[in-house]
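Open the model in your viewer and keep the sequence panel beside it. This tour goes stop by stop.

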Amino acid sequence: MIEFLFIVGFTIALLATGISFLGIVAAIAVGFIVMALAGMIGLVFKMLPWILLAAVIVWLLKGRDKTASQARDYCYKRSRRYHRARRY
């Protein structure tokens, strides 16, 4: 909403100063891009605690399932393929 109000106010200010229509369109396009990028950066900072929380949860859950990989390694080491590979 702030971006929209900025564009409207910016357009009115440019119209009042007598800038050409092509200059107004170019200025509005550049202003829209700058405001959109600023809004995205603001959204990232606003969501940063939740992003960090999700990263910590994934990190904790990733380190939790060690038994499955250990059991898989144990079964592989007891298999015939492992012993055949170790002979050569």
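Leaving aside its neighbours within four places in sequence, which residues is F10 in contact with? Select F10 and look around: A27 and I28 are the partners. Contact here means heavy atoms within 4.5 Å.

**Before going on**

This is a predicted model, in which local features need pLDDT of at least 70, side-chain atom pairs count only at pLDDT 80 or more, and totals for chains, interfaces and linings use all residues. Residues are numbered from 1 along each chain as its sequence is written, and side-chain values use heavy atoms, with hydrogens and water left out.

**The whole chain**

Switch to a cartoon view. The protein has four helices and zero strands. From the N terminus, the order reads α-α-α-α. Helices (H or I, at least four residues) and strands (E, at least two) are DSSP runs, numbered from the N terminus.

Now colour by pLDDT, the predictor's confidence in each residue, from 0 to 100. The protein averages 80, and 70% of the residues score at least 70. Helix α2 (residues 21–62) has the highest mean among the elements, 90. Helix α4 (residues 80–87) has the lowest, 57. Where pLDDT is low, the predicted coordinates should not be read in detail.

Next, show the surface. Its accessible area is about 8000 Å², and 73% of that belongs to carbon and sulfur atoms. Accessible areas come from the Shrake-Rupley method with a 1.4 Å probe; for residues, only the protein chains shown count as cover. Of the 88 residues, 8% are buried. Buried means under 20% relative accessible area, exposed over 50%, and partly exposed in between.

**Stop 1: helix α1**

Select residues 2–17, which form helix α1 and include T11. Is T11 buried or exposed? T11 is buried, because its relative accessible area is 18%. T11 touches I24 and I28, not counting residues up to four places away in sequence.

Go back to F10, also in helix α1. F10 is partly exposed, at 28% relative accessible area.

**Stop 2**

Move to M35 in helix α2. M35 counts as buried because its relative accessibility is 18%. Beyond its neighbours within four places in sequence, M35 is in contact with I2, E3 and F6. M35 and F4 are 31 residues apart in sequence, yet 9.3 Å apart in space, C-alpha to C-alpha.

Then pick G39, another residue of helix α2. G39 is partly exposed, with a relative accessible area of 29%. How many Å separate the C-alpha atoms of G39 and E3? The value is 8.2 Å, across 36 residues of chain.

**Stop 3: a nonpolar patch**

Select I41, L43, F45, M47, L48, W50, I51, L52, L53, I57 and L61. Together they make a nonpolar surface patch of about 1100 Å².

**Stop 4: the UniProt spans**

Finish with residues 7–34 and 40–61, where an unreviewed UniProt entry places "transmembrane region". UniProt positions are given in the numbering used here, feature names are shortened, and annotations may be inferred rather than shown by experiment. Residues 7–34 are 89% helix and 0% strand, with end C-alpha atoms 11 Å apart. Residues 40–61 are 100% helix and 0% strand, with end C-alpha atoms 29 Å apart.

Terms used:
Buried means under 20% relative accessible area, exposed over 50%, partly exposed in between (1.4 Å probe, protein chains only). Patches are made of residues with over 30% relative accessible area and no salt bridge: like charges are joined within 9 Å, nonpolar side chains (Val, Leu, Ile, Met, Phe, Trp, Tyr) within 5 Å. A salt bridge is a side-chain nitrogen of Lys or Arg within 4 Å of a carboxyl oxygen of Asp or Glu.
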